[in-house]
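Colleague: I have a few questions about this structure before I set anything up. Can we go through them one at a time?

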Amino acid sequence: MLGASLRSVGRLCSVRAICRGRGRGIGRFSASSTSLILLPPIATTTAAPTSRFSSSISHYSDSNYTDDGGETHGITNRETNAYSAIELALDSVVKIFTVSSSPNYLLPWQNKSQRETMGSGFVIPGKRILTNAHVVADHTFVLVRKHGSPTKYRAEIQAVGHECDLAILVVESEEFWDGLSFLELGDIPFLQEAVAVVGYPQGGDNISVTKGVVSRVEPTQYVHGATQLMAIQIDAAINPGNSGGPAIMGNTVAGVAFQNLSGAENIGYIIPVPVIKHFISGIEETGKYVGFCSLGLSCQPTENIQLRTHFRMHPEMTGVLVSKINPLSDAHRVLKKDDIILAFDGVPIANDGTVPFRNRERITFDHLVSMKKPNETAQVKVLRDGEEYEFSVTLQTLQPLVPVQQFDKLPSYFIFAGLVFVPLTQPYLHEYGEDWYNTCPRRLCERALRELPTRPGEQIVILSQVLMDDINAGYERLADLQVKKVNGVEIKNLKHFSQLVENCSMESLRFDLDDERVIVLNYQLAKIATSRILKRHRIPSAMSRDLIQKQDSSEAELACLS
């Protein structure tokens, strides 16, 4: 395992808490896979107090690349240089000041203390500012300041995509837009092409430009969203505060700076233009963030010749083996376990799961899937029992059974008789500390990393803690067990669970938990005790706002029907 680890820059410990720089690994979904993968340890950086030291500009020598025809092209200083980047950036790049407050998953009715962080952003067409999602995650107040101005302006979040770590801000003040110009999006740079990263990193208050070359283009783990999308690796320094700033190539934007590799020198990552355009186009077409599609498959390479022979693959055939299918995906309708996927939309898939990309480069076929829009169809060619078939599959954005990340929303909870019930999420497990993978309950960890949903809206409901009272004495050791039934009825999610409890008409209320454990309460005494316990612990409500709203909606529907 590499000693270095990815880290998201430009955020304080809120990124550490939610982006999961904790423990041995985090769960992630690849663009076309629903199986969770353990990642190497993730370390996140903290924003240092700004100082008045000036930032230096690093210069690199010119370099060359050879195209398919053998012709050599000189690049860097003639096409991208720090001075032209500065000229573009002065009227486009802004500094972002964020006040944020992350949820407390152990005490879900309250937030943690607020923090102040800084990041960068730049103007795009339509009087909008593009930045990273982790710069404004869990925000309570956002200000922006343009270069050369002492004034900060209030900004609002128009859209945010935590999967791709991108967000769009808008500023109502017309005065703010005076003198600003927007940057155009360019193309994916070639290897060894030069880029200049512009932003407001730690070490000073003024704009900074660092220069480097493109080292690699491939799907990479996005720390903030715990997903895998295309990213560009560069050797320019990307430090806390750089997040959200543009990487400029020539007179266009090649990407958005968003994370670096801790333990390594000058290895940074930028979000490429195809991912940015997918994010923006979805918002322009639907008015909201639409996400990135998935086939809902977990696939295995077929590099072993005996494996290929067993599944009756001819020597000229290449593809990957389907090992698991998400029951909620459209692929579940037509594909089967042990199918061999030979091609996606007519593009042959190699035995290692890659497809051709540009000039003699290869990239995992996940990228082709992730660039599809929701509800678009794809043609999948498969080998099944020695026969070739072609199926049309509708691509969708699929949610895991246990959410990997949750931002900009309060956790759901339900309290009854001092028993605190919550849906299982990875952010909840991360509250066990930096080594959460080893210290959190093993059964919950395995379910979070491996289990797939079987029906829409399904959640794993757990008893997170017991607020001690006479009514629940003796049940305190049952914390962190999954709740499976209420009075014999199998629960679907926390909303369904709360409705079963609230509508109970029996004298006793029974909860069936993991390990065949049982909780029994006198229903009327438990309702009285709930009010007493809430008052004692200064908890404003017995359930989270989202459950109250859902219950109000259900009652309104019933009233209309009657």
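Colleague: Is glutamate 156 buried, partly exposed or exposed?

Modeller: Glutamate 156 is partly exposed, with a relative accessible area of 36%. Buried means under 20% relative accessible area, exposed over 50%, and partly exposed in between, with a 1.4 Å probe and protein chains only. This is a predicted model, where local features need pLDDT of at least 70 and side-chain atom pairs count only at pLDDT 80 or more, while totals for chains, interfaces and linings use all residues. Residues are numbered from 1 along each chain as its sequence is written, and side-chain values use heavy atoms, with hydrogens and water left out.

Colleague: Which side chain does glutamate 156 meet in a salt bridge?

Modeller: That of arginine 154, at 3.5 Å from N to O. A salt bridge here is a side-chain nitrogen of Lys or Arg within 4 Å of a carboxyl oxygen of Asp or Glu. Arginine 154 is partly exposed too, at 43% relative accessible area.

Colleague: How many salt bridges in the whole structure?

Modeller: The search finds 24. One of them pairs aspartate 515 with arginine 443 at 2.8 Å. Aspartate 515 lies in the loop between β31 (508–513) and β32 (518–522) and arginine 443 in helix α11, so this pair ties together parts 72 residues apart in sequence. Helices (H or I, at least four residues) and strands (E, at least two) are DSSP runs, numbered from the N terminus.

Colleague: And what does arginine 447 pair with?

Modeller: Aspartate 514, with 2.7 Å from N to O. Arginine 447 is in helix α11 and aspartate 514 in the loop between β31 and β32, 67 residues apart. Arginine 447 counts as buried at 13% relative accessibility, and aspartate 514 is buried at 3%. Salt bridges that share partners join Arg443, Arg447, Glu451, Lys484, Asp514 and Asp515 into one network.

Colleague: Which other residues of α11 are buried?

Modeller: Helix α11 covers residues 442–450, and besides Arg447 its buried residues are Leu444, Cys445, Ala448 and Leu449. What covers the buried residues includes α9 (426–430), α10 (436–439), β28 (461–466) and β29 (481–486).

Colleague: What does β6 pair with?

Modeller: Eight bridges join β5 (residues 93–100) to β6, and the two run antiparallel. Strand β7 (residues 128–131) also pairs with β6 in the antiparallel sense, over three bridges. Two strands pair if DSSP finds at least two bridges between them. Serine 100 has arginine 115 as its bridge partner in β6, and isoleucine 124 has arginine 128 in β7.

Colleague: What sits in the turn between β6 and β7?

Modeller: The two form a hairpin with three residues between them, and glycine 126 in the turn has a positive phi of about 95°.

Technical notes. Contact = heavy atoms within 4.5 Å.
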